[in-house]
Amino acid sequence: MSRHILAAWRGFLLIASLLFGALRFAATSLRQLLSGRRVTPLQRAEWMHFCGRMVLAALGVRYRVEGPTPAGSTLIAANHLSYLDIVIFSAALPAAFVARHDIGSWPGFGPLARMGGAIFVDRIRRVSAWETAEEMTQRLAAKVPVVLFPEGTSTDGSDVLRFHSTLFAPAVEAALPVVPAAVFYETSDTGAERDLCWYGDEAFLPHLLRVLRVEGFTAVVRFGSPEIYLDRQTAAWRSHDAVSAMRSNKQGLV
């Protein structure tokens with residue numbers, strides 16, 4: 001199968017999976033409405049878990065989880081390689097995500113992120129961080145793990161940028177565990193991880209088309225050990241060091 005045909009087929013499967021996911025959420029919402037209740041944060045996270053696995057299958061992306069998978073009221077601090085990380089972490093576990101505010105307006109992925117209870121942050125507006133922290137506190141109180149990408153941007157994977165400490169506050173103030181997590185992209189052909197990363201000024205659609213044409217792609221999520229911190233600065237730099245160490249040791253857990 002040529003790469004153009006492969007990309008077209010995966011594109012069809014992606015659209016079909018997004019539509020099916022939306023229908024599944026509508027059915028869940030209707031059941032809750034008829035019973036006089038609203039869709040809970042945990043139900044949204046579990047729905048995202050289902051959709052994450054379905055979307056990765058449509059994209060032809062395999063995934064592997066290493067280390068104990070976090071659950072319950074836990075903050076997960078991870079490096080960030082592209083918008084695909086949200087889908088990859090969704091496949092790995094039911095969770096809520098802190099994401100860039102503009103993702104909510106993306107076709108396809110944006111509505112799914114909103115349905116899944118994503119927490120959007122506008123890093124230009126200082127007050128947005130505190131609004132985001134309040135939403136994170138609510139998700140954690142509902143025993144939903146929250147995935148945070150504290151670098152504040154996606155990268156080419158060559159280095160783990162400094163972790164911003166502000167959004168560690170909800171976990172620190174509630175004495176909840178923080179789990180470092182490293183995400184990797186592995187290719188089975190001649191490509192490199194950097195070829196799959198979405199960073200800089202690259203537009204969304206050209207990157208997605210490139211991903212659809214990749215014949216072999218495995219995403220790896222590696223979870224470290226949970227820690228409880230007394231202040232957010234320590235939480236940020238210790239988590240950063242742990243993620244950097246896991247990224248450096250690609251052959252196994254640290």
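## Close-up views of a predicted model

Figure 1. Leu84 is buried, its relative accessible area being 1%. The model is a predicted one. Leu84 belongs to helix α3. Beyond residues up to four places away in sequence, Leu84 touches Leu59, Tyr185, His207, Val211 and Phe217. Leu196 lies 112 residues from Leu84 along the chain, and the C-alpha atoms of these two residues are 9.5 Å apart.

**Figure 2. Helix α3 within the predicted model.** Nine of the nine residues of α3 are buried, so this helix is largely enclosed by the rest of the structure. The buried residues of α3 are Leu84, Asp85, Ile86, Val87, Ile88, Phe89, Ser90, Ala91 and Ala92.

**Figure 3. Ser90 in helix α3.** Ser90 is located in helix α3. Its relative accessibility is 1%, and Ser90 therefore counts as buried, the cut-off being under 20% relative accessible area. When neighbours within four places in sequence are left aside, the contacts of Ser90 are Met48, His49, Gly52 and Phe97.

**Figure 4. The crossing of helices α2 and α3.** Helix α2 covers residues 41–59 and helix α3 covers residues 84–92; their axes come within 7 Å and cross at roughly 120°. At that angle α2 is oblique to α3. The crossing is left-handed. From α2, the contact is made by Met48, His49, Gly52, Arg53, Val55, Leu56 and Leu59, and from α3 by Leu84, Ile86, Val87, Ile88, Ser90, Ala91 and Ala92. Sorted by class, the residues in the contact of α2 with α3 are ten nonpolar, three polar and one charged.

**Figure 5. The pairing of helices α1 and α2.** The axes of α1 and α2 come within 9 Å and cross at roughly 165°. This makes α1 roughly antiparallel to α2. The crossing of α1 past α2 is right-handed. On the α1 side, the residues that meet α2 are Arg10, Leu13, Leu14, Ser17, Leu18, Phe20, Gly21, Ala22, Arg24, Phe25 and Gln32. On the α2 side, they are Gln43, Arg44, Trp47, Phe50, Cys51, Met54, Val55, Ala58 and Leu59. By class, 13 residues of the contact of α1 with α2 are nonpolar, four are polar and three are charged.

**Figure 6. The crossing of helices α1 and α8.** Helix α1 is formed by residues 3–34 and helix α8 by residues 204–213; their axes come within 8 Å and cross at roughly 110°. The two helices are therefore roughly perpendicular to each other. The crossing of α1 past α8 is right-handed. Arg3, Leu6, Ala7, Arg10, Gly11 and Leu14 of α1 meet Leu208, Val211, Leu212 and Arg213 of α8. The contact of α1 with α8 holds six nonpolar, one polar and three charged residues.

Figure 7. The structure holds zero disulfides. A disulfide is a covalent bond between the sulfur atoms of two cysteines. Cys51 has a relative accessible area of 5% and is buried. Cys197 is likewise counted as buried, with a relative accessibility of 0%. Cys51 is one of the α2 residues that meet α1.

**Figure 8. Lys143, a non-glycine residue with positive phi.** The phi of Lys143 is positive, about 65°, although this residue is not a glycine. Lys143 sits in the loop between α5 (126–141) and β5 (146–148). With a relative accessible area of 59%, Lys143 is exposed.

**Figure 9. Ala175, a non-glycine residue with positive phi.** Ala175 is a residue other than glycine and has a positive phi, near 55°. The loop that holds Ala175 runs between α6 (169–173) and β6 (178–187). Ala175 counts as partly exposed, at 46% relative accessibility.

Key:
Residues numbered from 1 in each chain as written. Predicted model: local features only at pLDDT ≥ 70, side-chain atom pairs only at ≥ 80, totals over all residues. Heavy atoms only, no water. Axes fitted to C-alpha atoms, helices over the stretch in contact; angles between N-to-C directions. Helix = DSSP H or I, 4+ residues; strand = E, 2+ residues; numbered from the N terminus. Parallel < 35°, antiparallel > 145°, perpendicular 65-115°, else oblique. Left-handed = near helix turned anticlockwise from the far one by under 90°. Contact = heavy atoms within 4.5 Å. Nonpolar A, V, L, I, M, F, W, Y, C, P; charged D, E, K, R; others polar. Disulfide = S-S within 2.5 Å. Buried < 20%, exposed > 50% of the residue type's maximum accessible area, 1.4 Å probe, protein only.
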